[in-house]
Amino acid sequence: MLFNSVHYLLFAPIVIFFYFYFPKRFQSILLFVVSLYFYAIFRIPFLALLVFSFVITKYSVDRMEISSNRTGRTLWLNVAIWSNLGLLFVFKYLDFSIKVWNQTFQFTPCDPGFVQKSGILLPMGISFFTLQAVSYAVDVYKGVVDRAKSIFHFGLFISFFPQLVAGPILRASDVLHQFLEPKEFQWENLKKGIKQLFWGIFKKTFIADPISYVIDPIYNSPAEYNWVGMWVAASFFAIQIYCDFSGYSDIAIGTARILGFHIPKNFDRPFLSGTLSELWRRWHISFSSWLRDYVYISLGGNRRGEVFAYVNLFLTTFVSGIWHGADWTFVLWGTLHSTMMVIEKFVFKFKTIKNFWDSVPRFIQPIYPLGIFVLSCFFFRAKPTPEVETGLQIATTMIERAFTGASGLFPNIDWNLYALIGILFFVDIVQNQKEDRFDYITENPYILYPFCIIMYIIAFIVYSVTVSSPFLYFQF
């Protein structure tokens, strides 16, 4: 089920209403059932993958906990981890691996070594719920969190509908206990929840979706547009992916807050960061912290010296690129960020350079990390078209035209879009200085509720007469 749909605008209020009127001992059962329904709306067969993930993880962790020796515990931990990662590989990376195999050995369909692609569809949210299951298994193994009381309790943790298909990636230590607590309706949760929910709808519906009408023609036919169009496409896509993904997170966190659940924030105004490493700490926080705790630290972190720290940092950031998609464009996207992160860490170890950078005015510093991010968007957004076989060719063409002053069409941009983007950055800049700067306005019920009602009506009308684009991170 899409957040940006009439279905969800009807589904969410009904669920919230019945949730608080249900007997408290049945609240979790209701949430579990509606979460499975929420996921089944996409494709019913994929529901089996979700169920498999939390059943095999729960069983393995239970066996791990009753094992009497370290070998047994490690064995069952690996069953939990590799069952989920295997699921992720088959449905997300199998066809790409086949493609690499055929390209590496230059096999054609006539060769005996040629392997035909499976054509398996990518299930919604598989990149998120599998990582969530892995983190749970590791945390129980390390004693960070107690195991779930029942398969039902753990299943709700994995399938909780607000964040199921695009995060945030929940940690068991943050929310597992919350599913055992009966919830009472609270006006404070409603105020904070709907404020964040409708801010997410604003970012998705009024900024992210309109941007697609500007940049899609450019990415589909880059040879027709001039060099300015190339930079417009990459820059606007950076804003689109931010509004689209953080918008989803806002809707997820806001919906959960209304229900009484506190989910950690997933974005912290990343485009105002002063360095690339800071940008990634503030972008998709739940995933960045997951990579830090389960990849970087597992590889050894910085415990084995400076050189290994650079290697581990490179590999961790590279994994981020591969996680986002199975294509050479994402490999290069991850490589670019990995390389720049290592260079940045090396350069900033010199106090003279670090002190100089710290003395640069704060409003100038974001130009550098944002510039790297925009440059990487040539790869991140590039996809094959009917005329061009690979996304890599699209990206290469756009970069070449962007840096050579190529001539062509100038993109057509509605000035209303500039105004809406201006509002977005104005709010981010003000709240970056003081988080609660607008609270006296946004938490005033005489302003908040009428505004949310108006936004709800507008969204309902928009989703009724047009088909809003699916959230971009659904494809990852």
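Ser159 counts as buried because its relative accessibility is 0%; buried means under 20% relative accessible area, exposed over 50%, and partly exposed in between (1.4 Å probe, protein chains only). Ser159 belongs to helix α6 (residues 151–159). Helices here are DSSP runs of H or I with at least four residues, numbered from the N terminus. Beyond its neighbours within four places in sequence, Ser159 is in contact with Phe32, Ser35, Leu36, Leu50 and Leu164. Contact means heavy atoms within 4.5 Å.

The model is predicted: local features need pLDDT of at least 70, side-chain atom pairs count only at pLDDT 80 or more, and totals for chains, interfaces and linings use all residues. Residues are numbered from 1 along each chain as its sequence is written, and side-chain values use heavy atoms, with hydrogens and water left out.

The largest nonpolar core has 137 residues. Such a core is a set of buried Ala, Val, Leu, Ile, Met, Phe, Trp, Tyr and Cys residues joined through side-chain atoms within 4.5 Å. Helix α9 gives the most to this core, with 18 residues. Phe157 and Phe160 have the most contacts inside the core.

Axes are lines fitted to C-alpha atoms, for helices over the stretch in contact, and angles run from 0 to 180 degrees between N-to-C directions. Angles of 65 to 115 degrees count as roughly perpendicular, under 35 as roughly parallel, over 145 as roughly antiparallel, and the rest as oblique. Among the contact residues are Trp231 and Phe237 of α9 and Phe373 and Arg381 of α15.

Helices α1 (residues 6–21) and α2 (residues 27–40) cross at roughly 165°, and their axes come within 10 Å. They are therefore roughly antiparallel. Their contact includes Phe11 and Phe18 of α1 and Leu30 and Val34 of α2.

Two residues have a positive phi although neither is a glycine: Arg269, at about 50°, and His284, at about 45°. Most residues other than glycine have a negative phi. Arg269 lies in the loop between α9 and α10 (276–282), and His284 in the loop between α10 and α11 (285–299). Arg269 counts as buried because its relative accessibility is 9%. His284 counts as buried because its relative accessibility is 1%.

How values were computed:
Helices (H or I, at least four residues) and strands (E, at least two) are DSSP runs, numbered from the N terminus.
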